[in-house]
Amino acid sequence: MINTDPNKIEEILTRGVEEVIDKQNLEKKLKSGKVLRVKLGIDPTSPNLHLGRAIPLLKLRDFQLAGHKIVLIIGDFTGVIGDTSDKDSERPMLDEKTVKANMKSYVNQAGKVLDIKKCEIKYNSRWLKKLGFGEIGKQADNFSLNEFISRENISKRMDSGTRVSLRELLYPLMQGYDSVAVKADVEIGGTDQKFNLLAGRQLQRYYKQEPQDILMNPLVEGLDGRKMSSSWGNTVNLLDSPTNMFGKIMSLKDEYIIKYFVLATRIGMEKIKEYETELKAGKNPRDIKVLLAKEIVKMYHGEKEANKAEEEFNKVHRDKELPTDIPVFETDKKNYFIADLLVDTKLVLSKNEAKRLVEGGGVETILGEKKERITDWRKEVVLEDSMIIKVGNRKFVKIKLK
RNA sequence: GGGCGUGUGGCUGAGCAGCAAAGGCAACAGACUGUAAAUCUGUCGGGGUAACCCUUCGUAGGUGCAAGUCCUACCGCGCCCA
């Protein structure tokens with residue numbers, strides 16, 4: 001039942017893994033054939049899962065496929081407190097309703113990666129709510145303020161004079177106690193979680209449990225090269241439409257292609273090595289990136305959608321043809337000032353924006369084979385049925401005359 | 001509780017009493033291409049054909065022809081002292 005194949009174990013321990021504490025011990029546990037309890041804490045702040053958050057999920061899947069028990073801790077209580085470790089600023093406190101709604105959607109999305117039915121799902125309010133000041137005080141005694149404030153992201157904030165709330169101090173305690181409550185053998189998390197993950201070990205020792213081993217995955221860069229994070233808006237979301245997802249991945253910087261293959265897919269490592277060699281040998285990165293985009297779309301939307309997304313992308317961006325689905329704008333007005341038209345069709349938000357775009361050469365009308373670039377923002381266009389208005393490379397509207 | 005600071009457009013960060021407000025990031029458009037990559041260029045509060053008008057610099061008042069810029073109060077945040 002438990003897979004103890006050394007190669008499999010090696011992959012679990014190394015693929016997309018930045019650091020393992022304590023690696024030898026974990027390796028031993030994996031080889032023992034014992035069912036391990038592998039914990040992942042889920043932060044319910046954002047209802048949208050992105051590729052960065054899918055990385056630990058994939059790692060969990062590796063464990064799950066090897067026969068281990070996955071324990072998902074839903075931070076309904078911690079979410080209300082707010083984690084501080086991957087943020088440069090304070091987290092907002094969430095109200096309970098939001099947490100519940102977010103979690104439902106989370107489990108749904110996580111189900112695309114994990115076999116949820118086989119997972120243990122626990123809400124940490126169950127045990128955290130009951131802790132009193134006495135107990136918390138004792139727990140807190142395991143940590144020093146010095147440790148806490150010497151964390152890079154905290155000290156940075158302190159140096160720059162940004163507020164650090166006392167409640168943030170409590171967070172590692174809570175996450176750590178989660179590990180105690182579920183008797184975790186292993187915990188997965190991003191490198192930014194190191195402090196919290198280690199807190200788990202410390203508290204487990206305090207409660208006379210064997211400390212969990214820790215497996216940390218690197219953080220992945222988002223579309224703009226900064227760390228992928230919902231608050232930056234540079235994410236590829238699991239719920240993105242296939243076309244959108246495909247396009248977003250195509251807009252990734254070339255240098256992240258291999259990293260994404262390793263972290264966000266489960267394409268075999270040998271294959272990825274091949275791609276890497278090809279890239280180094282001067283193969284067009286675009287072609288490899290297409291494979292990446294297709295693979296990722298396939299994981300979340302299935303193969304058929306992945307193929308469709310590729311076709312669509314090629315059509316619109318390579319061959320500069322029209323996309324398949326174009327939003328329709330119905331009107332009975334035949335003569336339209338271009339600026340008004342752009343605003344009314346919601347292609348732009350204001351007339352000033354329309355003006356800028358037209359002057360910048362970003363607006364085109366297409367009627368069959370006839371394309372006309374509009375350069376005067378005061379121009380009055382004569383609309384015809386199924387005329388297409390194109391703004392930039394990606395925005396289209398089809399006119400329907402009533 | 002006291003003292004001293006600080007609060008600017010999506011973010012960051014300049015700002016002298018006469019600015020729709022420097023710079024950077026992000027975003028958008030154009031050229032190029034291998035793509036929504038890279039690079040280069042341009043734009044980046046709203047309205048008007050235009051002259052021009054309106055809205056914005058934590059909140060509320062005040063001084064002054066004129067206020068992001070000075071004064072007062074309040075709120076948030078920081079530092080120091082208690």
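**Notebook: chain A and RNA strand B**

I began with contacts in chain A: among those between residues at least 6 apart in sequence, 70% join residues at least 24 apart. Two residues are in contact here if their C-beta atoms, placed from the backbone, lie within 7 Å.

I noted the ground rules. This is a predicted model, where local features need pLDDT of at least 70 and side-chain atom pairs count only at pLDDT 80 or more, while totals for chains, interfaces and linings use all residues. Residues are numbered from 1 along each chain as its sequence is written, with chains lettered from A and ligands numbered from 1 in the order in which they are written.

I checked the overall build next. Chain A has 18 helices and 13 strands (DSSP runs numbered from the N terminus: helices H or I, at least four residues; strands E, at least two). The C-alpha trace spans about 80 × 45 × 40 Å along its principal axes.

I then looked up the domains, whose bounds come from an automatic or database assignment. Chain A is split into domain 1 (6-219), domain 2 (242-318) and domain 3 (328-401). The C-alpha centres of domain 2 and domain 3 are 33 Å apart.

Last, I turned to the RNA. I found 31 residues around RNA strand B, the closest being Arg 163, Gly 247, Ser 251, Gly 362 and Gly 392. Near means a C-beta atom, placed from the backbone, within 6 Å of the strand. Elements giving two or more residues to this surface are α12 (242-250), α15 (285-301), α16 (303-318) and α18 (351-359). I recorded α18 as the source of the largest share, five residues.
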